[in-house]
Amino acid sequence: MNGSAGAAVEVDGLTKRFGTITAVDDLSFSVQPGEIFGLVGPDGAGKTTAMRMFASVMRPDAGSIVIDGIDVLAHPEKTKRHVSYMPQRFGLYEDLTVEENIRFYADLFEVPRKLWEARAQSMLVASDMTQFRQRLAGQLSGGMKQKLGLTCSLVHTPRVLLLDEPTTGVDPLSRREFWQILYSLRAEGVAMLISTAYLDEAERCDRLALLNRGTMMYCDTPAGLKSRMPGAMLEVASPEPRKVREVALALEGVQGVLLVGSGVHVNVDDGGRRSPQLAQALAGAGVQATHIEEVAPTIEDLFVALLEQNSEA
Amino acid sequence: MKLRRVKAIAVKESLQIVRDPRSLMIALLIPLMQMFMLGYGINLDIKHIPLCTYDREMSQQSLGLLKRFEASRYFTLRKTAQDYAELTRDIDDSSCTIAIVIPAGFSQGLNDAGTGTVQALIDGTDSNTANIAANYARAVISGFSGDLQLQAIQRRGGTVQTLTPVDVQARVWFNENLESRNYIIPGIVALVMAIVGAQLTSLTIAREWERGTMELLVSTPVKPLELMLGKLLPYFAIGMLDAAICLALAVFWFDVPFRGTLATLLFTTSLFLIVVLCIGYYVSVSIRSQVGASQVALLLTMLPTILLSGFAFPIDQMPVFVQGITYLVSGRYYVTILKSVFLKGAGAVELAVPILCLALYAVALVVLAARSFRKTLD
Amino acid sequence: MAGGAGAQIIVDGLVKRFGSFVAVDGVSFDVARGEIMGFLGPNGAGKSTLIRILCGLLRPSAGRALVAGIDVTEDPDAVRQRIGYMSQKFSLYNTLSVLENLRFFGGVYGVPRDRLEERIRFAIDMAGLAGRETSLVATLAGGWKQRLALGAAILHRPAILFLDEPTSGVDPESRRRFWDLIHTLGAEGVSVLVSTHYIDEAEYCNRVALITRGRLIALGTPFELRRRSLGAELLSIEREGIANAIELVEKAPGVHDVAVFGSALHALVDDAATRAPALVAYLAGHGIAGATARRIEPTMEDSFVHLVGAATRARGDPP
């Protein structure tokens with residue numbers, strides 16, 4: 001861990017405009033070595049534009065980025081040695097094999113042969129891909145492509161890793177393996193910036209910035225963000241979810257109702273008080289409900305609630 | 001600049017070329033095809049003009065004249081017509097370009113008055129061919145009448161010597177038989193090299209943009225010059241192979257005499273190849289789509305090389321203003337060099353000026369191409 | 001499940017081979033009228049092959065599939081009349097307006113001329129696009145485009161709707177609104193099949209079928225899949241720097257599996273009530289004091305990973 005300089009990434013007042021649209025608007029935060037920082041938000045929130053600026057493949061209109069003590073805008077090429085960037089779209093060569101791709105990136109970063117071979121080997125073992133060394137990258141599954149991308153971006157032991165929606169199109173099993181690799185990198189002191197549109201994934205990060213239309217709404221730990229969630233979330237399991245919704249919406253203290261597959265999520269002001277009231281109301285209306293219990297709100301529940309608050313304000 | 005990175009890019013690019021056998025075939029077959037098509041297609045000599053005859057007399061003399069037409073390598077007898085209608089039809093459907101009609105009473109006129117009239121009908125659709133056909137016909141006929149005069153004089157007991165007091169024997173240097181092929185094929189080699197060379201590299205950067213690999217590439221420490229050199233090296237090898245194919249075809253298939261040295265030929269060819277590869281690369285950097293880049297590269301290389309390089313159309317016949325423009329066309333220097341090396345056997349000393357111009361051109365384009373690439377997505 | 005007994009789709013022992021590769025391997029299930037059924041599995045698991053068979057585009061190698069009472073191999077055209085299809089990559093024409101797109105798809109689906117205007121009206125209202133009929137599709141935001149695509153897919157009133165990763169990359173608000181529409185369609189009796197590899201999309205379905213390597217490895221409501229199929233309980237162990245203690249926790253008694261999750265460790269244990277205090281004591285005994293362990297709800301991803309792992313081990317395949 002490079003403790004002397006402090007933050008691995010420092011972003012201040014970062015702004016990027018495309019014509020009249022401000023894609024990233026006055027973004028400021030910092031990421032410590034060994035921290036996984038998530039940029040979370042829907043499509044068009046400005047995540048990819050921000051990532052491109054961190055990777056110094058796009059120049060901001062205003063603001064500054066300092067990576068590992070080096071000003072990215074003043075020395076874009078110097079920082080590229082310490083940074084690894086995985087673009088959202090698969091950036092490797094599909095007509096090259098797994099091994100040829102790895103070697104190509106090792107050569108570009110001038111990693112000594114012994115070093116990258118050992119590193120690639122351990123990465124391939126960790127991601128369960130050793131038997132695919134000679135396979136063309138284009139013939140890998142979505143999950144394996146992403147793991148290969150990660151392997152290539154790690155051959156030069158970067159201090160900062162930038163991952164733009166790395167698990168889009170990746171199956172749950174590969175996604176889990178992918179994250180286990182990220183956690184082992186965290187233990188090595190690598191700072192990671194990850195963008196994602198999947199709010200369930202956001203919970204895996206150490207800290208999050210919620211982005212919407214280019215601006216940062218909140219920046220906190222997942223637990224800290226969830227504590228801002230107004231009220232509580234009740235899960236009602238029922239074969240008649242639409243009737244549950246009707247009943248719930250008529251009830252006092254209900255802030256929102258969401259149909260999910262096997263039931264209904266009811267956002268209430270006070271879980272302890274409203275839970276029995278809801279049960280009573282459902283029984284009174286003759287609506288079946290197999291169980292009602294308070295569940296932890298997800299980041300998605302929170303995101304929607306925050307968006308609603310913001311639009312009201 | 002790091003050689004390791006140049007090598008890494010060259011190896012990667014070569015692997016991609018090898019993995020795509022179709023494009024490799026195209027890179028090697030297209031020049032072959034173009035050489036044959038252009039080599040046979042563009043021919044300024046007119047030989048074997050399809051001929052139709054209509055002999056209304058069938059005398060010894062009329063047959064003698066027609067024999068001469070048949071014997072000439074400029075004409076090929078297609079049809080012996082039996083009436084005017086047939087003859088007209090043949091001209092109309094282009095099966096004959098020229099028709100020679102010998103009227104009845106042809107030999108009688110010759111014997112009585114010493115003159116005879118022959119009618120030549122020529123398809124004037126292609127005025128150039130028509131002119132040439134008329135001239136050839138005139139030549140055949142004047143040869144025939146010359147012989148007739150000779151016979152007449154001999155019959156009258158005159159002397160022969162006075163008839164041909166001067167015998168002009170023109171000697172044409174470098175292209176003794178005045179075969180236009182000898183002079184056009186080296187130009188075609190230049191044209192093919194220009195087209196293929198720029199095509200090869202026009203796709204290379206655009207492809208990385210289209211496939212999304214560029215975003216990752218620009219985030220690495222690779223330098224623009226390293227990227228360019230690594231990308232151009234494999235295409236240079238293919239380009240030289242193409243050049244070898246074209247030049248070998250010129251010498252061994254089209255029988256163009258080669259009088260220069262191989263060293264001069266290879267040196268100048270590699271200079272020209274660098275120029276066209278850099279044009280393709282520059283276009284590929286500027287236009288981020290493969291289709292667009294390929295078309296622009298074709299336009300930038302083919303048109304000027306055909307029109308302004310002097311490959312088929314003599315530069316000194318052009319308006320002065322256009323002549324000025326030709327100095328900006330790299331093909332002009334290479335065409336000059338190739339023709340001189342092939343036909344005159346000229347070496348580096350004689351060709352110092354065009355070689356120097358081509359070298360300057362190459363340096364300028366390398367710098368332009370290297371500077372054109374920006375490591376940014378903006 | 002609105003339909004009850006009237007199954008709209010019956011699949012029995014369905015097999016599809018491509019050469020020696022078995023893409024669908026003995027799959028059986030049925031979907032009731034108005035039911036929203038999710039197929040969850042990684043890319044290449046056989047989901048799209050299955051859907052193509054159900055659409056009558058591929059012939060099964062063995063087994064039977066009835067869609068709306070029609071055998072797909074006997075009358076694929078009649079099947080296609082009764083289904084609607086929509087994917088995230090649904091090909092709306094960006095240079096046409098909302099109305100022009102709907103008219104085009106109405107024509108393609110053969111909606112009778114006298115019904116078309118009424119159906120288009122319905123689709124526009126449903127998608128919340130009233131007032132934007134003449135807007136070019138290119139100018140619409142993602143969520144709107146997606147609802148328009150849905151509207152186009154149901155113009156011909158299909159009994160069955162296939163959705164292929166319908167809400168990937170759509171913001172949470174639009175996603176909720178979209179699923180609300182799907183549930184409305186379900187209430188009206190349309191059976192919906194959703195193919196996805198996103199867990200969060202599967203969560204919106206009435207029932208979920210987990211598919212991997214052509215096999216159906218579990219089928220149940222998201223609730224059942226989360227709680228019961230795990231066969232174990234999940235503990236979240238929290239403490240500053242706990243991620244470094246993963247190897248220690250792995251060796252603790254009663255712990256099946258441990259994974260890092262954010263700043264915590266998630267441990268799969270046989271019994272949460274007894275193991276939670278035991279683990280805290282175990283960690284303290286190894287010099288890591290002050291950790292907390294609490295039982296948490298397993299996510300669908302937890303059960304998916306668990307079930308796929310179990311199925312793979314059972315077949316003795318390489319991972």
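Which exposed residues does the face of helix 10 of chain C turned away from its buried side carry? They are A273(C), T274(C), P277(C), A281(C), A284(C) and G285(C).

The model is predicted; local features need pLDDT of at least 70, side-chain atom pairs count only at pLDDT 80 or more, and totals for chains, interfaces and linings use all residues. Residues are numbered from 1 along each chain as its sequence is written, while chains are lettered from A and ligands numbered from 1 in the order in which they are written.

View 1. Helix 10 covers residues 272-285, 14 residues in total, and reaches 19 Å from its first C-alpha to its last, close to the 20 Å expected at 1.5 Å a residue (1.5 Å times one less than the number of residues). Helices (H or I, at least four residues) and strands (E, at least two) are DSSP runs, numbered from the N terminus. R275(C), A276(C), L279(C), Y282(C) and L283(C) are buried. The buried residues fall within an arc of 135° seen down the helix axis, so they line one face of helix 10; the arc is that of the directions from the axis to the C-beta atoms. A residue is buried if 20 or more other C-beta atoms lie within 10 Å of its own, exposed if 12 or fewer, and partly exposed in between, with C-beta atoms placed from the backbone.

View 2. Just after the helix, G287(C) takes a positive phi of about 85°.

**View 3. The contact of chain C with chain A.** It takes 38 residues from chain C and 37 residues from chain A, where contact means C-beta atoms, placed from the backbone, within 7 Å. On the side of chain C, helix 6 gives the largest share, seven residues. That side divides into 19 nonpolar, eleven polar and eight charged residues. Ala, Val, Leu, Ile, Met, Phe, Trp, Tyr, Cys and Pro count as nonpolar, Asp, Glu, Lys and Arg as charged, and the others, Gly among them, as polar.

**View 4. The contact of chain A with chain B.** Here 23 residues of chain A meet 21 residues of chain B. Helix 3 (98-108) of chain A gives the most to the side of chain A, with four residues. Twelve nonpolar, one polar and ten charged residues make up that side.

Key:
Two residues are in contact if their C-beta atoms, placed from the backbone, lie within 7 Å.
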